[in-house]
Amino acid sequence: MDFIKKNSVHLIQRMGMVTVKQIADDLFASNVLSGEEMNTIVCEKTQQDASRMMIYMVLNKGSEACRILVKALEKQSPFLYQELHGYCITRQVKPDLDGLAQDLMDLYLSPFFQKFHPLGSDIDIIFDLKTTFTDILLLKKDTHNTRKGQLTLSILLGELKNPCIIEGEAGKGKTTLMKRIAILWASGNCPALTHFKFVFFISLSSAKEGLYETVCDQLLTVPYTIPKQDFMRMLLGLRQKVLFLLDGYDEFRPSNCPEIEAMIKENHKFKNMVIVTTRTESIRKVRQFGSLIAETGDLTEENARQLINNVLEYELAKGLLIHLEETNFMKNLMKTPLFVVIACAIQMGESNFNPSTQTALFCTLYDLMVQKNKYKTETIAANHIKLSINHCGDLALDGILDQKFDFQSEDLSSIKEEVLLASGLLNKYTAQRLKPVYRFFHKSFQEYTAGRRLCSLLTSSKDTEMARGFSYLQKMDNISDITSTYYNLLLYTCGSSVDATRIVIKHLTAIYQHGSLFDLPSLSNLSLEGEPEKVENAKQHEVLQATNLNSFVECVINLFYESRSKSCLSGEFEEFFHGKRLCINTQSIPTYLFGFFKHLPNCVSALELIKLDFFGNSSLDNMEDENTRNSQIYIPEKAVSLFFKWNQKIRALEITLQNFNKLKKDDIKYLGKICCSASSLSLQINRSAGIAGTLKKVLETCKNMQDLIVESTPLTTEDEQQIIAMTKLKKINIRDLQSKHLEGGLIDGIHNLINVEKLIFDNIKMNESNAKKLAEGIKLLKKLHLLHLSHLTDIGDGMRCIVRAISAELGDLEEIHLVNCCLSGDAVEILGPIHCKPAQNLCNLPKLNVLDLSENYLGKDGKVAVRKLANSLNILPNMKVLMLPWGDDVNVCLSELLMQLKTMPQLTKLGLNRWSLTDVEVKVLGTFFEKTPLEDLQHLDLAMNCVTSNGWLSFVQALVNLNKLRFLDFSSKCDLVPDPLLICKMSQVLTTLNYLKEIRLTGWKLDDHDLGLLSDAKVSCGKEFQLVNF
């Protein structure tokens, strides 16, 4: 009772509402409070009022009730209880804090803490943290997993926030980093750590019942001279002067030590500084609690060399570095500290060690561990040893398939435990556990063991074992698992046997061909009649499939390199690579690609397309001195050697040049050497002002170019003249070119490009005279299938000439896009008169299926032109896209248009933007869609019309018949305050449009209730369409 009275102020102010409710539950369960009293407490509006009422109620019930409340407080809020208990002790014995600090420093500076056996205590190879630690690059991240910059250890400690979370893959040096921090504190050589009174390094995998008990067990003695109560009070008092290094959250069981879990996730209560490490796959459990999140990056080549030289004697270090250089495995190996350490350790014990692949590295390690520990199993029969090792492989393999890395005794029922423990293949953990736990010493080693076993099963002479191997393969049937979860398993399987590689590649080829690779239907089977929840639309599917397929292609190339099969499996690999695409990062070309080009040229030729992106790094040019800029070459020589030293043809090559402020002679030469290897070439140039004047020389090297795309890049007369000299071109796409017209340039010579099938001019500077020249030129482009002219706002009457040329001469046109380019009523009349005149209308364009005339204002006479165009549409039975221009009173043409739309059931896009539609016309349109549903319609643009809520209300029900719609635009010309009934009706209809991706309601004045109802429609239909409302 005295405790509660003395601390009533603190209890009222500091007990949170959750704690109050938890304590009230305990008091009710102990019959201290009645149900009515408990309800009265929890219904108080503030936690202070609730705390105050509970305390006064309990004080009035006597000392026993007070004792129960204190026990409940200790249970529900141990940190507050410990702190308040300190206030009530009248006599305190000051603990020996200096002695505790000295004990910790002595431990961290001792050989016991700093030296370790990298291959386990049974193999007498010792590393010392003084020599094995090198600076690790850290990447700062936010809670959304976005990288925000680089950190060094010193910067991390200087900017330390609480709690700090360090994530990283296995073997990336997290434990070494944490131990290094402890050693730096003990040595007193790190200014950022001097203000910490204590630093506690705790291995979370061995944490037990309480924080105090864990500290004593791992770092001090049991029992320690400072009692638990004083220790906990000391932590509360010192607050941020105490640093806890909590290593290995991915191996931590919170139930073993709830206090440590609270220290991480409820740090505001404990207030001590915390750094916790975890593997990448477990970061999701703690990311939201981190004030500072960092990821361990790859070792640099310099740091890896330093590590090797520090650990090994000179001759051994020299030999290892030479081997790594010769095998081209150096860069991949050096990224992960664990692999470097293993290589060093094996080099110490195996003078003939020669790692060429990751499999070779782990194979050497595996054999070393088994062979060197044979003496421990001399009393066990050889067949039992073999059987146990096979079962160990099964254990590893089943674990990888189930993502299981901790094993119990029952998992080892058919295995002789002593064989695996003696060989070091498994480790056994029994401390503070009711049941022992078994683990492979590292996740990567389990993956290798699993791959080794899968290889054995697939290549076994026993049908039962081979069938088991195939059953494991059948579980790997989608790209996300193959390129992530099972990637290393397959890598080590292929690295263990060429025969196993043959089986794996045939399996991967088969599942791709049957469409199960992406967890999506294959493109050949994709149709809008499929289930909408499986695939939202074809474009999204294609983008996803292209991205995943490129990852898959790179994965299989890695499997080839690991298998060391060279050319002996060229046929199997060719079947896989046929018709696929490969994207190469030219800034960092991996070693395995050189082996792929060298040993599997047939597979390179089988690829449908190879894509290369080159970046000029123009942002760096401003920071470099003149000498550096003059010598800078942007086309990597490695890319040249990859293609130019190759003696076969690539089917198609797509090259992008982006952000080039200049192009040197060597760049042009290197580019030419790459381009000459392709039978078909596509060149895209983006935002590269420095190419002007040198494009001519680039194009001269591109003999087989078929596609040219130039965007936001000025051209000279010589550049344009070179373009028109390339008569093999099939596609020209020029965008955002605002330089003045060049005499004798592209427009003047466009008629030379007689093989062009697609011509796109978007937002380029062109006047009326230029447009007339263009019209004369395109008359001769008889193979033209697509003509796209957009945002040509100064061509005046030149568009009449272009339209006349189109309708008279280009009979093979399938798509016409004339968007925002001075289209007049006269020009439209030329395109589509009522009475067919020879060689002057739509009669001459029988293949036309796309007609986009949007964003063009036809003026006062627009309704006449549109009516004539509408009445002539019946001669185009294949029309799929119809986007119409606008003009004064064009709404009167709606009835004629709807008559023609009845003959176009295959229409996918319809645009009546700014057609002055009123409620009357919209109602007519709705009735039309109800009676004559255009079942394939995906895009409907009715924006900037004069429709009220009543008009839209009469129309929206018709959308139910257009269930393949992906895009809707009902934006209003005037501000529209929608009727609540309209919003309700629209939200109901939207739930039926399973493919809808975007609806635009610009000009609609939607309040929070309207937006909420429309958002509920998203949830109801299980789709995430975008609502645009400005």
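User: What pLDDT does the chain average?
Analyst: This is a predicted model, and 87% of the residues score at least 70. The average pLDDT over the chain is 83.

User: Over residues 516–538, how many contacts beyond near neighbours in sequence does the model have?
Analyst: The pLDDT over residues 516–538 is below 50. Where pLDDT is low, the predicted coordinates should not be read in detail. With that caution, the number of contacts that residues 516–538 have in the model beyond near neighbours in sequence is 50.

User: How many contacts beyond four places in sequence does the model have for residues 618–631?
Analyst: Residues 618–631 are a stretch where pLDDT stays under 50. The contacts that the model has for residues 618–631 beyond four places in sequence number twelve.

User: How many residues does the largest nonpolar core have?
Analyst: Residues with the most contacts inside this core include F596, F929 and F970. At least three residues come from each of domain 3 (376–510) and domain 4 (917–1029). Apart from this core lies another, of 73 residues, with I181 and L245 among them. The size of the largest nonpolar core is 222 residues.

User: Which residues is F929 in contact with, leaving aside neighbours within four places in sequence?
Analyst: F929 is one of the residues with the most contacts inside the largest nonpolar core. Leaving aside neighbours within four places in sequence, the residues in contact with F929 are L910, L934, L937, L940, F955, A958, N961 and L962.

User: How many residues apart in sequence are the parts that the pair of F929 and F955 ties together?
Analyst: The rings of F929 and F955 are 6.1 Å apart centre to centre, with 70 degrees between the planes, an edge-to-face pair. Both residues are buried. F929 lies in helix 44 (residues 919–931) and F955 in helix 45, so the pair ties together parts whose separation in sequence is 26 residues.

User: Is the pair of W952 and F970 stacked or edge-to-face?
Analyst: W952 lies in helix 45, and F970 is in the loop between strand 25 (967–969) and helix 46 (980–990). W952 counts as buried at 2% relative accessibility, and F970 counts as buried at 1%. The ring centres of W952 and F970 are 4.4 Å apart and the planes are at 20 degrees, so the pair is stacked.

User: Which residues do ring pairs link into a cluster?
Analyst: The count of aromatic pairs comes to 29. Ring pairs link into a cluster the residues F552, F560, F573, F576, F577, F596, F597 and F643.

User: The backbone nitrogen of which residue lies 2.9 Å from a polar atom of the side chain of S949?
Analyst: S949 is found in helix 45 (residues 949–956) and counts as buried at 10% relative accessibility. Not counting residues up to four places away in sequence, S949 touches residues including L976, P978 and L982. The backbone nitrogen that lies 2.9 Å from a polar atom of the S949 side chain belongs to D979.

User: How far apart in space are L774 and I747, C-alpha to C-alpha?
Analyst: L774 is found in helix 39 (residues 768–778) and counts as buried at 1% relative accessibility. Among the residues that L774 touches, not counting those up to four places away in sequence, are I747, F761 and I802. L774 and I747 are 27 residues apart in sequence, and their C-alpha to C-alpha separation in space is 5.6 Å.

Methods. Residues are numbered from 1 along each chain as its sequence is written. This is a predicted model: local features need pLDDT of at least 70, side-chain atom pairs count only at pLDDT 80 or more; totals for chains, interfaces and linings use all residues. Side-chain values use heavy atoms; hydrogens and water are left out. A nonpolar core is a set of buried Ala, Val, Leu, Ile, Met, Phe, Trp, Tyr and Cys residues joined through side-chain atoms within 4.5 Å. Buried means under 20% relative accessible area, exposed over 50%, partly exposed in between (1.4 Å probe, protein chains only). Domain bounds come from an automatic or database domain assignment. Contact means heavy atoms within 4.5 Å. pLDDT is the predictor's confidence in each residue, from 0 to 100. Helices (H or I, at least four residues) and strands (E, at least two) are DSSP runs, numbered from the N terminus. A polar contact is a pair of N or O atoms within 3.5 Å; within protein, one must be able to donate a hydrogen and the other to accept it, and residues adjacent in sequence count only if both atoms are side-chain atoms. Rings of Phe, Tyr and Trp (its six-membered ring) pair if their centres lie within 6.5 Å; planes under 30 degrees apart count as stacked, over 60 as edge-to-face and the rest as tilted.
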